[in-house]
Amino acid sequence: MKKSLFMILSLFAMITFSVQPVFAESVVSSYSDWLTKANCPYPPCNTTEYSSPQFDMVRSYVTVKGYQYLPGFPDDVTLTYQVVDEDWFFDDVYGETIKTGYYKDSLFTITISTFTAKPGVKVKVINPSTQIGPKVEGSVYQ
């Protein structure tokens, strides 16, 4: 009897501790803007865009799904995506991914890892190009 009870409890413990919860991702923030080129000659210049609102991470990564393209041209666009704590002078950067491609008619998907979940963050999109000013639009999932 003890042996059967021990085996049942052991099996229950193995099942309980080995099952990983599955979480559906949901939109926690979004962004949309036209970015100017990095050496913009006519202010106001806007080479960065922050997602809104800020959010508390529940996992050690965020998923970004969006569009990035240069209107009127089929050329690839290269942008930097960061998870940041926005500050007046300098942002604290927790993770970064660079994405290259032309995404007007189809979504791209990227994952930005931060190694630990962070509170009060945003996704920052940066245009490092001195040649082009792309349209960016997307959503952040957690």
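In the predicted model, buried residues account for 35% of the 142 residues of the protein.

The protein contains one helix and eight strands. Along the sequence these elements follow the pattern α-β-β-β-β-β-β-β-β. Contacts in the protein were also sorted by separation in sequence: among those between residues at least 6 apart, 75% join residues at least 24 apart.

Four of the strands form an open sheet, in the order β1-β8-β3-β6, with antiparallel pairing. The edges of this sheet are β1 (27–34) and β6 (103–113), each of which pairs on one side only. On average, neighbouring strands of the sheet are turned by 15° against each other, with direction ignored. Within the sheet, strand β3 (residues 61–69) and strand β8 (residues 135–141) run antiparallel and are joined by seven bridges. Q68 stands opposite V136 of β8. A contact between a charge and a ring involves K65 and Y141: K65 lies over the face of the Y141 ring, at 5.0 Å from the ring centre.

Aromatic side chains were examined next. A pair of aromatic rings is described by two quantities, the distance of the centres and the angle of the planes. Rings count as paired if their centres lie within 6.5 Å, and by this rule there are four aromatic pairs. In the pair of Y103 and F108, the ring centres are 5.4 Å apart and the planes stand at 65°, so the pair is edge-to-face; the cut-off for this class is an angle over 60 degrees. Y103 and F108 are both buried. These two residues belong to one aromatic cluster, together with Y31 and Y81.

Leaving aside residues up to four places away in sequence, T48 touches L35, K124, V125 and I126. A further comparison of sequence and space concerns T48 and L79, which are 31 residues apart in sequence, while their C-alpha atoms are 9.8 Å apart.

Key. Residues numbered from 1 in each chain as written. Predicted model: local features only at pLDDT ≥ 70, side-chain atom pairs only at ≥ 80, totals over all residues. Heavy atoms only, no water. Phe/Tyr/Trp six-rings, centres within 6.5 Å; stacked < 30°, edge-to-face > 60°. Buried < 20%, exposed > 50% of the residue type's maximum accessible area, 1.4 Å probe, protein only. Lys NZ or Arg CZ within 6 Å of the ring centre and 35° of its normal. Helix = DSSP H or I, 4+ residues; strand = E, 2+ residues; numbered from the N terminus. Contact = heavy atoms within 4.5 Å. Pairing = 2+ DSSP bridges. Axes fitted to C-alpha atoms, helices over the stretch in contact; angles between N-to-C directions.
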